[in-house]
Amino acid sequence: MRKVTLFLLCQILLLQTMFGQDRTISGKITDDTGSPIPNASVMVKGTTVGTITKADGTFSLSVRSNAKTLIISSVNFDERQMPIGSASTF
């Protein structure tokens, strides 16, 4: 029984590796004047995956290959939804 359980676990991990591949996205969040926005929240829509921008407004985030939209929010700014791969002013 233990060998069967180990085999099934290995199969599940293999499937996750094949179909749930991650990619890393990065960017810089700035306001309309080009000034960086530090400590802005960058989240993948519909998930709990996210990060906070650094002092220079940059971020890096590992997302699933099927992730399509980021939700960006910060104090004193309106929340924005941005398609992954697009460029826009926050």
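1. Buried here means under 20% relative accessible area, exposed means over 50%, and partly exposed lies in between (1.4 Å probe, protein chains only). In the largest such core, which has 14 residues, Leu61 and Leu70 touch the most other members. Strand 2 (41-44), strand 4 and strand 5 each supply at least two residues of this core, and strand 4 gives the most, with 3 residues.

2. Before you read on, some ground rules. This is a predicted model, where local features need pLDDT of at least 70, side-chain atom pairs count only at pLDDT 80 or more, and totals for chains, interfaces and linings use all residues. Residues are numbered from 1 along each chain as its sequence is written, and side-chain values use heavy atoms, with hydrogens and water left out.

3. Now for the overall plan. The chain holds 1 helix and 6 strands; these are DSSP runs numbered from the N terminus (helices H or I, at least four residues; strands E, at least two). Read from the N terminus, the order is α-β-β-β-β-β-β. Of the 90 residues in the chain, 26% are buried.

4. An open sheet of 4 strands has the order 3-2-5-6, with antiparallel pairing; two strands pair if DSSP finds at least two bridges between them. Strand 3 (50-52) and strand 6 (77-83) are the edge strands, each pairing on one side only. Strand 5 (residues 69-74) pairs with strand 6 in the antiparallel sense over 5 bridges, and isoleucine 72 stands opposite arginine 80 in strand 6.

5. Please take a closer look at phenylalanine 59. Is this residue buried or exposed? Phenylalanine 59 is buried, with a relative accessible area of 10%, and it lies in strand 4 (residues 58-64).

6. Finally, compare leucine 70. Which residues does leucine 70 contact, leaving aside its neighbours within four places in sequence? Among them are Ile25, Val42, Phe59, Leu61 and Met82. As a general note, nonpolar side chains tend to be buried together in soluble globular proteins.

Methods
A nonpolar core is a set of buried Ala, Val, Leu, Ile, Met, Phe, Trp, Tyr and Cys residues joined through side-chain atoms within 4.5 Å. Contact means heavy atoms within 4.5 Å.
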